[in-house]
Amino acid sequence: MSGRRRGAVLVLALVAVLTAPLLGTSPAAADVDKTGVRALTTQTAAVVPGQTAWLSIVWTGDQTVTNWSTTVSAPAGVTVSYPTTRGGADTSLYGSETLVGSTRDFTAFKVQVPHTQRSSFPLTVVSAYTSTCGDNGQCKEVGSGNDDKARDFSTTVTVTVPVVPATGPDFTQGTTDLTVPAGSNAFVQLAFSAGQADLADFTVRAGRLPAGLVVGYPGDAAVSRPAMGPALIGRSTDQVALRLDTTGMTRGTYTLPLVIAYTSAAPRTASGTVTLVVR
Amino acid sequence: MWCGDRRLARGLVALAALAVLGTTAACGAQEPAAEPAAATPTGTPADAATGRIAEVEFARQCTVASANYADEAQFTIELDTHLAAAGFTHEQWKRWHDALAVSPELVTQFAEISARGCPAEPPG
């Protein structure tokens with residue numbers, strides 16, 4: 001490099017370094033996140049294979065930040081979704097989009113864990129936010145003296161989601177007794193609650209019918225499905241409808257057998273009964 | 001000294017002068033402005049009621065990450081249950097939470113309650 005060219009390079013470098021303070025900010029300093037935003041959660045609540053669950057991560061910070069947005073990445077097979085109130089592309093803090101310095105708040109999101117996921121897995125959590133605190137630590141919200149600039153930052157953390165084996169029954173039948181008028185023909189609702197894991201393609205149909213009873217299903221289908229969708233979501237209760245035509249029955253007490261089919265880790269069939277009183 | 005070096009020297013002097021001015025200006029901008037205390041927003045004052053709400057909130061923050069829910073609404077149901085037990089409504093909590101952003105008193109009160117630590121973690 002010639003002396004003249006070396007001189008020109010030196011001038012350019014000096015211009016870059018020396019004029020930065022003139023502009024009021026040094027690029028390096030402006031990029032430093034001094035908010036102290038950090039996750040207090042390293043491990044979420046445990047889930048079981050096949051479960052859909054809302055999980056949360058608690059955050060704190062030294063300075064107030066706004067415009068909070070969190071996105072979560074999970075391993076293949078695990079689905080993450082967000083509150084629909086924000087459009088479904090991200091989640092924010094529970095209380096607002098602002099994390100006030102020296103306080104705590106949490107972000108919540110939903111994970112759907114496949115039945116094949118039997119070991120703990122990591123989530124990569126990226127939280128983006130805006131700081132309005134100046135380099136001098138003064139923040140817009142609580143006083144003057146900041147440099148009146150808003151800076152966007154993000155923090156990435158990894159949290160572990162423990163996966164433990166499910167315990168308890170796959171589902172419980174909430175409705176075990178029904179009373180219907182003699183000569184009636186109407187739908188009745190049967191409640192079912194899932195255990196810890198989701199039960200896909202949950203269907204209910206009547207088994208061998210008592211003499212004179214005719215059973216129908218919504219949409220003239222061969223089975224009844226939960227009102228809120230084809231799956232019975234873990235730890236939730238849903239209803240299935242059966243149309244009971246008792247016009248051919250005499251008053252009395254009967255046992256109505258049920259055939260319940262669903263898919264957890266694999267397709268399964270279970271039986272149930274309803275005590276039917278025709279009066 | 002050849003011509004280029006002289007121009008370089010003149011440039012360096014000029015840039016150094018600019019840098020001094022610039023640094024001074026930047027430092028000046030970073031100095032906390034002396035403003036009357038009255039200009040500082042104080043927001044909602046902290047009292048016993050805000051302290052009890054802060055305690056409910058902090059207790060929730062201690063346990064929320066160890067719970068999982070089938071339904072998103074359960075987060076609010078859980079909060080409201082604890083608020084009701086303490087004699088508060090969700091609306092009161094919301095007003096308190098919104099006031100945190102503009103009330104250093106409330107923040108200090110919340111921080112003092114938080115400093116006691118969650119039951120499972122050491123204080124500090």
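1. Two strands pair if DSSP finds at least two bridges between them. Helices (H or I, at least four residues) and strands (E, at least two) are DSSP runs, numbered from the N terminus. In these terms, A:Arg38 has A:Thr60 of β2(A) as its bridge partner.

2. On the basis of the note: this is a predicted model, in which local features need pLDDT of at least 70 and side-chain atom pairs count only at pLDDT 80 or more, while totals for chains, interfaces and linings use all residues. Residues are numbered from 1 along each chain as its sequence is written, chains are lettered from A and ligands numbered from 1 in the order in which they are written, and side-chain values use heavy atoms, with hydrogens and water left out.

3. Chain A as a whole. Its secondary structure comes to two helices and 15 strands. Of the 279 residues in chain A, 45% are buried (under 20% relative accessible area, with exposed over 50% and partly exposed in between; 1.4 Å probe, protein chains only). Among the contacts in chain A with a separation of 6 or more, 71% come from residues 24 or more positions apart; contact means heavy atoms within 4.5 Å.

4. Strand β2(A). This strand covers residues 52–60, and because nine of the nine are buried, it is largely enclosed by the rest of the structure. A:Thr52, A:Trp54, A:Ser56, A:Val58 and A:Thr60 point one way, A:Ala53, A:Leu55, A:Ile57 and A:Trp59 point the other way, and all are buried.

5. Partners of β2(A). Strand β1 (residues 38–39) of chain A runs antiparallel to β2(A) and is joined to it by two bridges. With strand β5 (residues 104–112) of chain A, β2(A) also pairs in the antiparallel sense, over nine bridges. Within that pairing, A:Ala53 has A:Val111 of β5(A) as its bridge partner.

6. The four-stranded sheet. An open sheet of chain A has the strand order β9-β15-β14-β11, with mixed pairing. Its edge strands, each pairing on one side only, are β9 (177–180) and β11 (200–206) of chain A. From one strand to the next, the twist averages 30°.

7. Strand β9(A). Four bridges join β9(A) to strand β15 (residues 267–278) of chain A, and the two run parallel. A:Thr179 has A:Val277 as its bridge partner in β15(A), and A:Asp177 stands opposite A:Thr275 in β15(A).

8. Helix packing in chain B. Two packed helices are described by the angle between their axes and the distance between the axes. The axes of helix α2 (residues 48–63) of chain B and helix α3 (residues 73–85) of chain B come within 10 Å and cross at roughly 140°; α2(B) is therefore oblique to α3(B). Axes are lines fitted to C-alpha atoms, for helices over the stretch in contact, and angles run from 0 to 180 degrees between N-to-C directions. Angles under 35 degrees count as roughly parallel, over 145 as roughly antiparallel, 65 to 115 as roughly perpendicular and the rest as oblique.

9. Residues at this contact. B:Val56, B:Glu57 and B:Arg60 contribute from α2(B), and B:Phe75, B:Leu79, B:His82 and B:Leu83 from α3(B).

10. B:Val56. This residue of helix α2 of chain B counts as buried, at 11% relative accessibility. Not counting residues up to four places away in sequence, B:Val56 touches B:Leu79, B:His82, B:Leu83 and B:Ala86. B:Val56 and B:Trp93 lie 37 residues apart in sequence and 9.3 Å apart in space, C-alpha to C-alpha.
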